[in-house]
Amino acid sequence: MPLSKMKKIWSYCTYNKPFFLLVFILFFVLEYFMDTYSNFNTKKAVLIVMLINIILCGYGMTISRDRMNNGIRLPKIMIKDIIVLGIKSYIVFIVYLLVQGYVLDLICSPLNFPEFDLEDMLLKLPETLHTLYSHNPVDTLTFIIIGSILFYITSFFMEIALARLADTNNFKTAFNLLKIKSDIDLIGWRSYTKEFTAIVVAIVLFGAFKYIVIPVEILNYIWNVFLDLLLISAQFLGIGAIYSRIKEKKSNFDLSKSQ
């Protein structure tokens, strides 16, 4: 299933190859500036990095919206939509990640583990294995089981929150926890877990290609930016794919009620 996800992500991104190349060039420029200014600790540098993150989030959200509306290719670059959705989604990301970080810190700190992020841990597997081996088996097992459960639950809500924002452009819908839970109930938590896991594995598999190092520095940088574009596309396509199923369920439910 993850391999099928990867194939769909690749097909979606490269459906229009010239446009994909344009998006890649723009993404390359943005990532280059972000990497450059990330090394400076000034207000200007922080603002530039924040603006780039907003742009990336904004375009990612248009990908989610396009996918939940049965889109088959990367969406057009609509500056207004990207900026508006970017700012809103950036705030949503920060709020949910702060909550997630606080919740996960409750188990990480007592067990003396670093902050838990399942995707990041899987993408950096050698470092993760070293960290796990340096702790006793009981603490490690507790950390993995409880950390994974909490990560999944908090991520579930964040993903649907972003999807609702992409679908409605209404900032408040991203924080209506009861409605978000209702959406998850609609497709089922088990089904959501399976779908979310497939997306995470697809992202990790794309990330694994980063271990392929090209000897020429500039080519290696281009290769890594290319993979970053696929990783971001995978995440936001996953959000759109899950919510498209929720919208379909809602539509069928409303149709059955009207009959």
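Is Val 99 buried, partly exposed or exposed? Val 99 is partly exposed, with a relative accessible area of 45%; buried means under 20%, exposed over 50%, and partly exposed in between (1.4 Å probe, protein chains only).

## Basis of the model

This is a predicted model, in which local features need pLDDT of at least 70 and side-chain atom pairs count only at pLDDT 80 or more, while totals for chains, interfaces and linings use all residues. Residues are numbered from 1 along each chain as its sequence is written, and side-chain values use heavy atoms, with hydrogens and water left out.

## Salt bridges

The whole structure contains 6 salt bridges, a salt bridge being a side-chain nitrogen of Lys or Arg within 4 Å of a carboxyl oxygen of Asp or Glu. Among them is the pair Lys 5 and Glu 195, with an N to O distance of 2.3 Å. Lys 5 belongs to helix α1 (residues 2–13) and Glu 195 to helix α9 (residues 189–208), so this pair ties together parts that are 190 residues apart in sequence. Helices (H or I, at least four residues) are DSSP runs, numbered from the N terminus. Lys 5 and Glu 195 are both buried.

Another salt bridge joins Asp 81 to Arg 65, whose closest N and O atoms are 2.9 Å apart. Because Asp 81 lies in helix α4 (residues 79–111) and Arg 65 in helix α3 (residues 43–68), the pair ties together parts 16 residues apart in sequence. Asp 81 is partly exposed at 28% relative accessibility, and Arg 65 is partly exposed at 25%. In a further salt bridge, the side chains of Arg 164 and Asp 183 meet at 2.8 Å, N to O. This pair links distant parts of the chain, 19 residues apart: Arg 164 is in helix α7 (residues 137–168) and Asp 183 in helix α8 (residues 177–187). Arg 164 and Asp 183 are both buried.

## Nonpolar surface patch

A nonpolar patch on the surface has about 930 Å² of accessible area together, and its residues include Leu 22, Leu 26, Leu 51, Ile 77, Val 99, Phe 171 and Phe 175. Such a patch is made of residues with over 30% relative accessible area and no salt bridge, nonpolar side chains (Val, Leu, Ile, Met, Phe, Trp, Tyr) being joined within 5 Å. Accessible areas come from the Shrake-Rupley method with a 1.4 Å probe; for residues, only the protein chains shown count as cover.

Helices α2 (17–37) and α4 each supply at least two residues of the patch. The largest share, 6 residues, comes from α4, the helix in which Val 99 is found.

Methods. Patches are made of residues with over 30% relative accessible area and no salt bridge: like charges are joined within 9 Å, nonpolar side chains (Val, Leu, Ile, Met, Phe, Trp, Tyr) within 5 Å.
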